[in-house]
Amino acid sequence: MQWTKVLGLGLGAAALLGLGIILGHFAIPKKANSPAPQDLDLEILETVMEQLDAHRIRENLRELSREPHLASSPRDEDLVQLLLQRWKDPESGLDSAEASTYEVLLSFPSQEQPNVVDIVGPTGGIIHSCHRTEENVTGEQGGPDVVQPYAAYAPSGTPQGLLVYANRGAEEDFKELQTQGIKLEGTIALTRYGGVGRGAKAVNAAKHGIAGVLVYTDPADINDGLSSPDETFPNSWYLPPSGVERGSYYEYFGDPLTPYLPAVPSSFRVDLANVSGFPPIPTQPIVCALGCPAHNLNGTLAPATWQGALGCHYRLGPGFRADGDFPADSQVNVSVYNRLELRNSSNVLGIIRGAVEPDRYVLYGNHRDSWVHGAVDPSSGTAILLELSRVLGTLLKKGTWRPRRSIVFASWGAEEFGLIGSTEFTEEFFNKLQERTVAYINVDISVFANATLRVQGTPPVQSVVFSATKEIRSPGPGDLSIYDNWIRYFNRSSPVYGLVPSLGSLGAGSDYAPFIHFLGISSMDIAYTYDRSKTSARIYPTYHTAFDTFDYVDKFLDPGFSSHQAVARTAGSVILRLSDSFFLPLKVSDYSETLRSFLQAAQQDLGALLEQHSISLGPLVTAVEKFEAEAAALGQRISTLQKGSPDPLQVRMLNDQLMLLERTFLNPRAFPEERYYSHVLWAPRTGSVVTFPGLSNACSRARDTASGSEAWAEVQRQLSIVVTALESAAATLRPVADL
C-alpha cells in the first residue's frame with residue numbers, strides 16, 4: 001500500500017534526522033536557549049475551530065446522501081472516487097490518499113425472487129401478503145437502488161407454521177413462552193427490535209425448534225408510541241408506519257471467510273459450509289404498523305412489559321384467533337431468498353505525515369456504506385470527515401501547519417455488514433498499528449439529535465475530550481460550553497473530579513470495535529444526541545430505513561447544522577491535541593476509577609459467593625492498588641517534566657508508556673468463545689455484576705454448580721487473567737529503566 005511507503009519514507013528520514021541529532025548532541029556546544037519542541041499551537045487550534053463551516057458540512061451531506069450507496073454498489077465506488085478527489089486536491093488535499101480493496105463475502109436479497117411473508121389459509125392459498133417495501137412518501141423510497149428490507153446473512157428457506165409472539169427474542173423470552181405451555185417446535189416467532197442483537201434473536205429461536213423469525217420495529221420503542229402518517233416523517237422525525245429496519249444478522253465482525261486474516265488474494269478462506277456466525281434459520285424484517293398479523297394473535301395475553309404500541313392487546317399465540325381477519329388455523333409462510341456473494345469493497349485512506357514523529361499515528365475514521373441513502377448513518381459522520389480534512393489540508397498546503405505526529409483519515413467499506421473494512425485493515429496491519437497508533441477517533445452517526453454531546457471511550461481519552469469541549473461553545477441559545485451543556489444531560493460523580501460528564505463504554509456498534517477489542521488502542525466515538533427525558537426512542541427513528549434522507553436531517557435532526565459543526569469542532573480539537581501536543585494528553589490515572597469501581601462491585605456482589613468456594617479476591621485487591629500507585633507516580637513524573645525543559649527522547653518514552661497501556665489489558669486466550677474480543681476490561685459482559693467481564697460471566701455460569709466443577713475452575717482462571725493484566729499494566733507504567 002502507498003500509505004506504508006509514504007510513512008516508510010518518513011521513518012527513514014526520521015532515522016537519519018535522529019542520527020544527526022545524536023551526533024550533534026555531542027559535537028556542538030550546548031546553548032542556553034535551545035528551541036522549544038513542537039507543541040500544540042493554540043492559534044492554529046483557534047483557526048481550525050473558526051474555519052469548520054456548517055454550510056460546507058451541509059453540502060457534503062447533500063452530495064453523500066443523494067443516492068443509495070449499499071456496500072460495493074456503483075454509488076459506493078463513486079464515493080470512493082469523491083474521497084480520493086478531495087484528498088488529492090492541490091489546494092486542500094493531504095500528503096497522500098489511496099484506496100485499498102478487499103474481496104469479502106456479503107449478503108443480498110434476490111432481485112428476481114423477493115423475500116415475502118404471507119398468511120396461508122387452511123387450504124394452502126395465500127390470503128394476505130405483508131408489505132414488502134416502504135411507502136414512497138417523499139419520492140426517494142421507490143428507486144431501483146433502494147434495497148428491499150432484509151436480514152443480511154439470514155439463510156434462504158420457506159418455513160411455515162403457526163405464529164407466536166416472542167417479545168425481543170431473548171433467551172428468557174422463549175423460556176417464558178414455554179412456561180406458558182406454548183409448544184414452540186415448528187412455529188414462526190414474531191420479535192421486536194431491541195433487547196438483544198439482531199442475530200441473537202434467530203440463534204435463540206432456533207434453540208427452541210422455531211422454524212423462522214420475523215422482526216419488526218414497534219412504535220413504542222422508536223416513535224414514543226406514535227404511528228399515524230400525520231405524526232411521522234415527512235411531518236415529524238418519527239418513522240412512518242411502513243418503515244422497516246434493515247441490518248446485518250452476522251454474529252461476529254470482519255469478513256466471514258477470513259477470520260483473523262485480511263481478505264486479500266493470498267489469504268486462506270474458510271469453506272462456506274464451515275462458516276459460523278450466520279443466523280441458523282430464515283429471518284426477515286417486516287412492517288408491523290400496517291396490517292400486522294400481531295393484531296390477530298390468539299392465546300394468552302402477553303405480559304405487561306411485552307406490550308407495545310400497535311393499537312391492540314398483544315397475545316402470545318400460537319396461531320390466530322377465530323374472530324380475527326384470518327381463519328383460526330391459518331399459518332405464516334416466510335420465504336427468504338437471500339444470496340451470498342463475493343464482492344470487492346474499498347477502504348480509502350488519507351494521510352498527513354507528521355513533522356517530528358511520523359511513526360506515531362492518530363487515526364480518525366468512519367464507514368462510508370449505508371443501507372439506503374444513509375444521511376444520518378453514516379453520511380453525517382463522513383460529511384464532517386470531509387470538512388475536517390479540508391480545513392487541515394488547506395493549512396497543510398499553505399505551509400502554515402504540519403502536525404507533530406501523523407494523522408490518518410479513513411473511510412471504511414462494508415461496515416453495515418459487520419465492521420468489515422476496518423476489521424480487514426486491523427488484520428492486515430496488526431503489528432504496525434499496535435506499535436504505532438496513539439488513538440482511534442470514530443465519528444459514525446455524528447448527530448442522532450441536537451440536544452447534547454455524547455462520547456463513548458476508554459478512560460485515558462476522558463481528559464483530552466474534556467479539555468476540548470470546555471473551549472467550544474455549545475449550539476443553541478445561551479453561552480454554555482459543550483462541556484457545560486453535556487454535564488446537564490449525562491453526568492456522574494467522580495471521587496477525583498466531582499461532578500463530570502459521563503463517558504459511555506465502547507461495545508461493538510461501529511468501527512472502533514476492532515481497534516479497542518482486537519488491537520488494544522485507546523478509542524472514542526463522538527456524536528450529538530437527544531434529550532433522554534423527552535423521548536424513549538432507542539435510536540433515531542428512521543435508522544436503517546429508506547426514510548433516512550438529507551431532508552430528514554435538514555428539517556428535523558439538525559436544522560442549520562450547528563450540531564454537526566459542534567461535533568466537527570470537538571473531533572478537530574481532539575485530533576490536534578493528540579497529534580500536536582508534546583506530552584500526549586492521555587491520562588492513564590483515569591483508569592484507576594474504573595478499576596476501583598470494578599473491584600468494589602466484585603467485593604460487594606461476588607465476594608461472599610467466592611469465599612464459599614475458597615476463592616480469594618486478595619490478589620485482585622493488591623493488583624488494583626499497584627496500578628493506582630504506579631499511575632499516580634507516572635502522573636507526578638509527567639507533571640514534574642512539564643515544568644522544566646525535558647529531553648524530547650525522555651518525553652517520547654513517557655508518551656509510549658501512555659500509548660501502550662491499553663495493550664497490556666489484552667489477552668487473546670481470555671475469551672475463547674468470542675472472536676476478536678481480547679480486552680479483559682471491555683469484553684462483552686453477560687453476567688449481572690458490573691465488574692471485570694470475564695469474572696462476572698464465569699461467576700454467573702458457575703453460581704449453581706458444585707465446588708470443584710469446571711465452571712469454578714474457569715472463575716479462578718478468569719480471576720488470574722485479570723490480576724495478571726493489571727500487574728502487567730502497573731509494570732508498564734513504572735520508569736522504563738526499572739526492568
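The following questions and answers walk through parts of a predicted model.

Modeller: In this predicted model, local features need pLDDT of at least 70 and side-chain atom pairs count only at pLDDT 80 or more, while totals for chains, interfaces and linings use all residues. Residues are numbered from 1 along each chain as its sequence is written, and side-chain values use heavy atoms, with hydrogens and water left out.

Colleague: Which residues of helix 3 are buried?

Modeller: Helices here are DSSP runs of H or I with at least four residues, strands are runs of E with at least two, and both are numbered from the N terminus. Buried means under 20% relative accessible area, exposed means over 50%, and partly exposed lies in between, using a 1.4 Å probe and protein chains only. In helix 3, which spans residues 54-64, the buried residues are A54, I57, N60, L61 and L64.

Colleague: Which residue caps the N-terminal end of helix 3?

Modeller: A polar contact is a pair of N or O atoms within 3.5 Å; within protein, one must be able to donate a hydrogen and the other to accept it, and residues adjacent in sequence count only if both atoms are side-chain atoms. At this end of helix 3, a side-chain oxygen lies 2.7 Å from the backbone nitrogen of H55, and the residue that provides the cap is D53.

Colleague: Is S107 buried or exposed?

Modeller: S107 belongs to strand 1, which covers residues 96-108, and its side chain reaches the backbone nitrogen of Y153 at 2.8 Å. Because its relative accessible area is 1%, S107 is buried.

Colleague: What is the bridge partner of L453 in strand 19?

Modeller: Two strands pair if DSSP finds at least two bridges between them, and six bridges join strand 16 to strand 19 (residues 523-529), the two running antiparallel. Strand 16 (residues 452-457) is mostly covered, with six of its six residues buried, and L453 points one way together with V455 and G457, whereas T452, R454 and Q456 point the other way. In strand 19, the partner of L453 is Y528.
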